[in-house]
Amino acid sequence: MTAFRTLDSADVSNKRVLLRVDLNVPMENGKVSDSTRIERVLPTIREIADKGGKVVLLAHFGRPKGRDLKETLRPVAAVVAEHLGRPVGFAEDCVGPAAKAAVDAMKPGDVVLLENTRFHPEEEKNDPAFVKALAENGDLWVSDAFSAAHRAHASTEGLGHVLPAFAGRTMQAEVEALAHALEAPKRPVLAVVGGAKVSSKLELLGNLVKKVDILVIGGGMANTFLAAQGKAVGKSLCEKDLLDTARSILETAKGAGCEIVLPVDATVASEFKAHAANRVVSVDAVGPGDMILDIGPASIETVKAKLAGARTLVWNGPFGAFELEPFDTGTNQVAQEAARLTRAGQLLSVAGGGDTVSALNHAGVADDFSYVSTAGGAFLEWLEGKPLPGVEILRLR
């Protein structure tokens with residue numbers, strides 16, 4: 001993070017600090033059902049407040065088309081206050097008289113959450129007049145929402161053009177973790193890429209084969225690669241229109257000196273449901289009525305052996321249908337081995353993406369990885385090698 005402005009160089013005392021956070025948390029029956037994203041931004045909120053800053057929280061929630069109180073942030077303010085252990089005020093708008101009145105009433109150390117920035121369509125358009133309206137309530141801008149950094153919106157990028165801009169502690173940790181994993185990693189670097197479809201991760205695979213030493217492909221996308229090698233995959237998920245693309249990725253990897261690891265055996269069943277009758281077969285013996293739902297024991301041991309020789313791990317996507325027992329075995333066992341090596345100091349492990357976080361939580365090891373990103377799209381775009389507008393604006397120029 002040497003090329004970025006962080007809170008280390010920000011004077012926040014008695015300043016109005018517009019702090020962009022990610023509070024787009026899952027809700028069930030009007031209650032927050034997972035507060036992970038809230039917990040991630042607490043250190044930055046506390047640090048600014050403890051240094052005498054006036055913390056003005058900016059966030060979006062859902063995808064409202066204009067002002068829609070079904071997407072209000074009001075109930076989230078109470079949960080932030082509960083986790084923070086101090087009061088959090090709430091303003092009915094993020095610009096205009098309501099926002100100004102709430103901010104004007106603040107004392108050093110106070111925290112206020114402004115209403116959903118996406119109630120204004122100008123937010124997503126990064127409209128200069130809207131940026132200016134937001135900026136009127138702040139003396140400086142701190143971004144702690146890496147998960148929204150792939151969007152050039154008013155509150156995630158635009159404010160960096162009109163106010164002094166700094167990275168919050170969560171943003172700083174995320175960028176540092178990813179830099180250690182891909183920009184200046186300890187080698188060998190092993191990447192696990194799983195999930196359902198090759199089509200959704202083409203750019204990711206294309207970038208990783210040039211950057212990592214070993215690429216382990218799992219999940220439904222492995223079936224497409226197996227089919228590209230002429231193997232039968234039965235009723236398994238497979239993108240038959242992408243077989244040439246898969247072969248091209250394999251060739252690119254060979255030219256880049258990247259070893260591709262595909263399953264050598266699989267756990268198959270005839271139906272997609274928990275505890276379905278299943279058996280382990282070689283990938284050369286998948287029958288026409290079989291569905292590949294997980295990697296088999298020989299594949300698990302192969303991946304563990306590769307992990308033992310690696311120094312850096314980047315993980316995006318599960319090995320199988322981890323949400324259905326017993327097809328969570330491959331993901332669980334590899335994740336637990338990666339966690340063991342991380343605890344032993346032998347491996348730097350960075351993981352991210354919605355399914356990946358769920359899978360690591362399911363395996364009980366999310367806290368043992370070096371860093372687990374709560375970002376979905378931003379994490380993926382970073383791995384694809386794309387510059388993120390909300391990160392680029394924080395760079396020292």
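**H10 against H11**

I began with helix H10 (residues 297-309) and helix H11 (residues 329-343) in this predicted model. They pack at an angle of about 20°, and their axes are 10 Å apart. I took axes as lines fitted to C-alpha atoms, for helices over the stretch in contact, with angles from 0 to 180 degrees between N-to-C directions. Helices (H or I, at least four residues) and strands (E, at least two) are DSSP runs, numbered from the N terminus. H10 is therefore roughly parallel to H11. The classes I used are roughly parallel under 35 degrees, roughly antiparallel over 145, roughly perpendicular from 65 to 115, and oblique for the rest.

I then checked the handedness: H10 passes H11 in a right-handed crossing. A crossing counts as right-handed if the near helix is turned clockwise from the far one by less than a right angle, and left-handed if anticlockwise.

Which residues make the contact? From H10 I listed Ile300, Val303, Lys304, Leu307 and Ala308. From H11 I listed Thr329, Gly330, Gln333, Val334, Glu337, Ala338 and Leu341. Contact means heavy atoms within 4.5 Å. The contact residues divide into seven nonpolar, three polar and two charged. Here Ala, Val, Leu, Ile, Met, Phe, Trp, Tyr, Cys and Pro count as nonpolar, Asp, Glu, Lys and Arg as charged, and the others, Gly among them, as polar.

**H8 against H9**

Next I looked at helix H8 (residues 219-228) and helix H9 (residues 243-256). Their axes come within 8 Å and cross at roughly 85°. H8 and H9 are therefore roughly perpendicular to each other. H8 contributes Thr224, Phe225, Ala227 and Ala228 to the contact, and H9 contributes Leu243, Ala246, Arg247, Ile249 and Leu250. I noted seven nonpolar residues, one polar and one charged in this contact.

**Backbone**

Most residues other than glycine have a negative phi, and most peptide bonds are trans. I found a cis peptide bond between Arg187 and Pro188, with omega about 5°. Pro188 sits in the loop between helix H6 (169-183) and E9. Another cis peptide bond joins Glu325 and Pro326, with omega about 0°. Pro326 is in the loop between strand E15 (312-316) and H11. Asn29 has a positive phi, near 55°. I placed Asn29 in the loop between strand E2 (27-28) and strand E3 (31-32).

**UniProt binding sites**

I looked up the unreviewed UniProt entry, which gives a "binding site" at Lys201, Glu323, Gly353, Gly354, Asp355 and Thr356. UniProt positions follow the numbering used here, feature names are shortened, and annotations may be inferred rather than shown by experiment. Of this set, Gly353 and Gly354 are in the lining of the largest pocket. Lys201 lies in the loop between strand E9 (189-193) and helix H7 (202-211).

The entry also lists Arg37, Arg118 and Arg151 under "binding site". The lining of the largest cavity includes Arg37 from these. Arg37 is in helix H1 (residues 36-50).

On a 1 Å grid over the protein atoms alone, a cavity is a set of points where a 1.4 Å probe fits but cannot get out. A pocket is an open set with protein on both sides within 12 Å along at least five of seven lines; lining residues have an atom within 4 Å of a point.

**Conventions**

Residues are numbered from 1 along each chain as its sequence is written, and side-chain values use heavy atoms, without hydrogens or water. In this predicted model, local features need pLDDT of at least 70 and side-chain atom pairs count only at pLDDT 80 or more, while totals for chains, interfaces and linings use all residues.
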